[in-house]
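Here's a quick briefing to read alongside the model. Keep the 3D view open and find each spot as you go.

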Amino acid sequence: MDNPNPNLGLWRTKSDQLAETLTATMKAGEASTGGDSGGGGSSGGTLSRKSSRQTVLASPGRGGKNTHIRKTRSAQMKFELDEVGSGAALSRASSASLGFSFSFTGFTMPPDETTDSRPFSDDDIPEDIEAGTRKKFQTEPTLPIYLKFTEVTYKVVIKGLTSTVEKDILNGISGAVNPGEVLALMGPSGSGKTTLLSLLGGRLADPVPGGSITYNDQPYSKLLKSKIGFVTQDDVLFPHLTVKETLTYAALLRLPKRLTKQEKEKRAQDVIRELGLERCQDTMIGGSFVRGVSGGERKRVCIGNEIIINPSLLFLDEPTSGLDSTTALRIIELLQDIAETEKTVVTTIHQPSSRLFHKFDKLILLGKGSLLYFGKASEALVYFSSIGCSPLIAMNPAEFLLDLANGNMNEVSVPSELEDRVQLGNSERETKSGKHTPAVVHDYLVEAYETRVAEETKKQLMIRASPDEDIKSGVGSMKREWGASWREQYSILFWRGLKERQHDYFSWLRITQVLVTAVILGLLWWQSAVHSPKELDNQAGLLFFIAVFWAFFPVFTAIFTFPQERAMLNKERAADMYRLSAYFMARTTSDLPLDLFLPMLFLLVVYFMAGLRQTAESFFLTMVIVFLCIVAAQGLGLAIGATLTDLKRATTLASVTVMAFMLAGGYFVKNVPIFISWLRYLSFNYHTYRLLLKVQYETISPVIDGIKLDSGMKEATALATMVFGYRLLAYISLRRMKIH
Ligand SMILES: Nc1ncnc2c1ncn2[C@@H]1O[C@H](COP(=O)(O)OP(=O)(O)OP(=O)(O)O)[C@@H](O)[C@H]1O
């Protein structure tokens, strides 16, 4: 690939040196395999150094060179690196608790969790792909980032009931990837691909990994967040936003402040066009309960969400899983286009077709957390053939490599050293029915890589020249810059929240629920009078019910707010999209219109049917008290939801709390023992009930039920303190939440 950036001249030269040394190391150690990859030459699988004729499998690369096998003298064998380089899960649900039902909406489920498990296919794949006239993806130049990682190790501590064990996830993985290249991480399920990708993308810091990961020779810093795009395996998107809305909000929040709103919107439109999403731009994303765009389109929206910021480094976790081969090809070609504009692309991939495999520049093959191969993808087969493992039948190279990584040697030539081990060892670990076990194959491959290539690769990575000083200082001198001011972030998030939940606001189910409850209450207390203490006591029961109903209802609705958005919040905070305070304010205020509309409807029905005090002042004061109670109760729900990640635990705690608050509310128990009397001061039911009594009966009697009917300032202040206090607690809990 041509190097469009003259600053990278030295860099490239050193890159070549690395490739050459790697190749030379492989050549020197290569055994004579006696032929091409499908030729069935076995033998020669020893780790001794031999000089012989080489088998080279040339990749078509980006330039569209044909795949073919050619033989060449080792002395003539020279690899041109640049040449090759051109080549919520929570969903809408209903929860019934204490007799009330609450509905909420969550995120798009990952494809494998949706009902339809067949591979997703895009029926609108542009014809240019099939015609081979695909338009290239164009982005502006950004700071090129050279990613290097040496001896990366990662362990987790797994706590059991009786014991604690340490599990090694990654064992000393080294490699590097240049701007302009696509590095593929391959390996069987559970081999550590996602863990390595997350470590490289700065998304996994707990526990601290071993080894070193550098970006232009600088360690990871939060400032890099704006230069990194990270597409997760699960598609975390708002199901009720359209494709265009999703990408436009991402552009408004993530693109630098210096761009105008129009420029940001245009960028979103450009990404829609580049990703071929025009036809579905006005379609909702959809989820488990809402039909939306196809799986391939959804994946492209996720990619769009990240490339919209034009990142220098793009990480993708299995971007093609669940997609048909044409859609998968389109996505990998898109990654190539992105890489060609001097971006560094790293992707995990499960089982690529051979067409896809040849599109990668570099490859890391992992097996049980160990490195089995790092180098050019086009040379992977050469390397494995050099250690005596060649496919005996024509097969997809990716399939062959995954078989090896899984320890499956069927249809693969067996290196003589492995044969010897099996014959000599003959232990259960080494053989099973006369065949080598996957464990022994794995050990052989790890050992082979370590003895032949690993040391040399590490050395080269160590002595590799630093990138140009300008580029190096580019990472060091970056500043953390928000895409929008606090006010803009608040406003964007507020409107996004309204759009996403607008269907909830006009949910006939909720409106009917409130109306039916109101009508039943109105009928039960139909035109109730307060001429006697008994009648007054009877009506006070209604007031207490109102205080309880409008406390329980908001607590159990608000409790789902943050657990439901946790995945999205994690993803967006990891990308530094906005300040947590702006999100928190927007999220808590965008629900207020609905929270205030429903009680208004409720009171209009109950108040007049039950014949409560017929003055405008008392009606509006009753409404203000109910609003205050709702907002205070919501605060408690938000605080519980933000503090406890587990919804079961959160709802259990909320049930106990609201029950205690209700009992301490002053209606059921009049003479509370002194040692527990403090509980009522924490109860919003208590304060609301007292305020409602004061508004209704202040003209009838100065004292009712032992309650002095004064101005109610104390109760109003207590409720206002709860409104802010619980919210502050929720905010602090969110701040402390770890970003994964
Ligand atoms: N925090 C953790 N606690 C316990 N085990 C973990 C943890 N993180 C990863 N693992 C384990 O580490 C191994 C590698 O996980 P990882 O997700 O990186 O694999 P993978 O290659 O991406 O798999 P797949 O292709 O199935 O997504 C798995 O066995 C996984 O169970």
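Predicted model: local features only at pLDDT ≥ 70, side-chain atom pairs only at ≥ 80, totals over all residues.

**What to look for**

Residues are numbered from 1 along each chain as its sequence is written.

**The whole chain**

- The protein chain has 740 residues, and 47% of them count as buried.
- You'll find 25 helices and 18 strands in the protein chain; these are DSSP runs numbered from the N terminus, with helices being H or I of at least four residues and strands being E of at least two.

- As a rule, most residues other than glycine have a negative phi, and most peptide bonds are trans.
- Asp217 has a positive phi of about 65° although it isn't a glycine, and its place is the loop between strand 8 (210-215) and strand 9 (218-219).
- Glu151 isn't a glycine either, yet its phi is positive at about 50°.
- Glu151 belongs to strand 5, and it counts as partly exposed because it has 16 C-beta neighbours inside 10 Å.

**Around the ligand**

- Which residues come closest to the ligand? They are Ser189, Gly190, Lys193, Thr194 and Thr195, out of 13 residues that surround it; a residue is near if its C-beta atom, placed from the backbone, lies within 6 Å.
- Strand 5 (147-159), strand 6 (164-177) and helix 4 (193-200) each give at least two residues to this shell.
- Helix 4 supplies the largest share, three residues.
- The shell has three nonpolar, eight polar and two charged residues. Here Ala, Val, Leu, Ile, Met, Phe, Trp, Tyr, Cys and Pro count as nonpolar, Asp, Glu, Lys and Arg as charged, and the others, Gly among them, as polar.

**A loop residue**

- Leu161 sits in the loop between strand 5 and strand 6.
- Is Leu161 buried or exposed? Leu161 counts as exposed, because it has 4 C-beta neighbours inside 10 Å.
- The C-alpha atoms of Leu161 and Tyr449 are 38 Å apart, and the two residues are 288 residues apart along the chain.

**Two helices packing**

- Helix 17 (residues 533-558) and helix 21 (residues 616-643) pack at an angle of about 35°, and their axes are 7 Å apart. Axes are lines fitted to C-alpha atoms, for helices over the stretch in contact, and angles run from 0 to 180 degrees between N-to-C directions.
- By class, the contact of helix 17 with helix 21 has 14 nonpolar, four polar and no charged residues.

- An unreviewed UniProt entry places "domain: ABC transporter" at residues 147-393; UniProt positions use the numbering here, feature names are shortened, and annotations may be inferred rather than shown by experiment.
- Residues 147-393 are 30% helix and 27% strand, with end C-alpha atoms 36 Å apart.
- The unreviewed entry also lists "transmembrane region" at several stretches, including 618-640 and 652-669.
- Residues 618-640 are 100% helix and 0% strand, and their end C-alpha atoms lie 33 Å apart.

Notes: Buried ≥ 20, exposed ≤ 12 C-beta atoms within 10 Å, placed from the backbone.
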